[in-house]
Amino acid sequence: MARRREGPLRLPPAAGAGGAARRGGEVNERDHGGGLDAAIARWGGERDGWLDLSTGINPVPYPLGDISPGAWTALPDKAAAERLKAAARSFWQVPEGAGVLAAPGASALIARLPALWPKGHVEIAEPTYNEWRAAFDGAGWATGPGGATVAVHPNNPDGRLAPPPGAGLTIYDESFCDVMPGASHVARAGGDVLILKSFGKFWGLAGLRLGFLIGAPEPLARMAEMLGPWPVSGPALEVGARALEDAGWAEETRARLAADADRLDALIQGAGARVAGGTTLFRLYEVEEAAAWQERLAEHHVWSRVFPYAPGWLRLGLPAPERWAQLEAAL
């Protein structure tokens, strides 16, 4: 189920998704979640002792199960790729006429998408995931309406939903939409509408590096040329197909994530924060001073996400079932 914001969302006038941010005493020009090495260098401890809530990755990943030896030792074959494609088409109910392309992670697609078309204008609904702005800026696109539109749906970090497409090229980044499939724009894929899907978030296997592009055959064919042969590893083809075919696991996971998001909201609100948005994979809170919250949590080896453009925003992912006590103690 969708998580609605409670009350108005206040954002500084100069808000944007890019910019440098302090993380454990270092500067990262494109700020992201993660970065535990820098946190450990500042606050100590071992990696296994840290509770990383700075990302929106499902803390209960899809079980890998046995992976066939050939997936590791042979070049990925066509049958494995076709199985994954068929599983993705069925899971996301991709309409006839639209194609599915598997890639080595959603980030690989984001970095290459601007090169599919001549440089023009792009409007990106910000603040949002900052790799989109970096990709289009790096490819020489200008900012502004009248050209392409990019929308993260639901948005990271505030969870807002993007409207149906208007005229012109529209790219929806649905990396977090598998928690709320009824809100997906996949049914509109094709023509000038492209949908990007991440496997790592909902299935909790970010290290597998698997993403998908759904849309008209022509741009997908050009993207396939950019990616080159065997873009997806054998283990990723096998695990991805197995997971996408497991509709029961997906339903159970959505229910668990919704319950855990409610639990996290109650816990953090009890500590003085206010819910500002998010999804059931990550929650966004308004606090008096997010940097102070991050530091206090880090002293207990709990890592959180703050934003350089919104000093009152704190984002937290969900703890794994056995790690809630660590967060409760930190608060």
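Modeller: Here is a short chat about one asparagine and some aromatic pairs. This is a predicted model, so local features need pLDDT of at least 70, side-chain atom pairs count only at pLDDT 80 or more, and totals for chains, interfaces and linings use all residues. Residues are numbered from 1 along each chain as its sequence is written, and side-chain values use heavy atoms, leaving out hydrogens and water.

Biologist: Where is Asn-155 found?

Modeller: In the loop between strand E7 (148-152) and strand E8 (170-173); strands are DSSP runs of at least two residues, helices of at least four, numbered from the N terminus.

Biologist: Is Asn-155 buried or exposed?

Modeller: Asn-155 is buried, at 0% relative accessible area. Buried means under 20%, exposed over 50%, partly exposed in between, with a 1.4 Å probe and protein chains only.

Biologist: And which side chain does Asn-155 make a polar contact with?

Modeller: Thr-128, at 2.5 Å between the side chains. A polar contact is a pair of N or O atoms within 3.5 Å; within protein, one must be able to donate a hydrogen and the other to accept it, and residues adjacent in sequence count only if both atoms are side-chain atoms.

Biologist: New topic: how many aromatic pairs are there in the whole structure?

Modeller: The search finds 16. Rings of Phe, Tyr and Trp (its six-membered ring) pair if their centres lie within 6.5 Å; planes under 30 degrees apart are stacked, over 60 edge-to-face, the rest tilted. Phe-176 and Phe-282 are edge-to-face, because their planes are at 80 degrees, with centres 4.8 Å apart.

Biologist: Are Phe-176 and Phe-282 buried or exposed?

Modeller: Both are buried.
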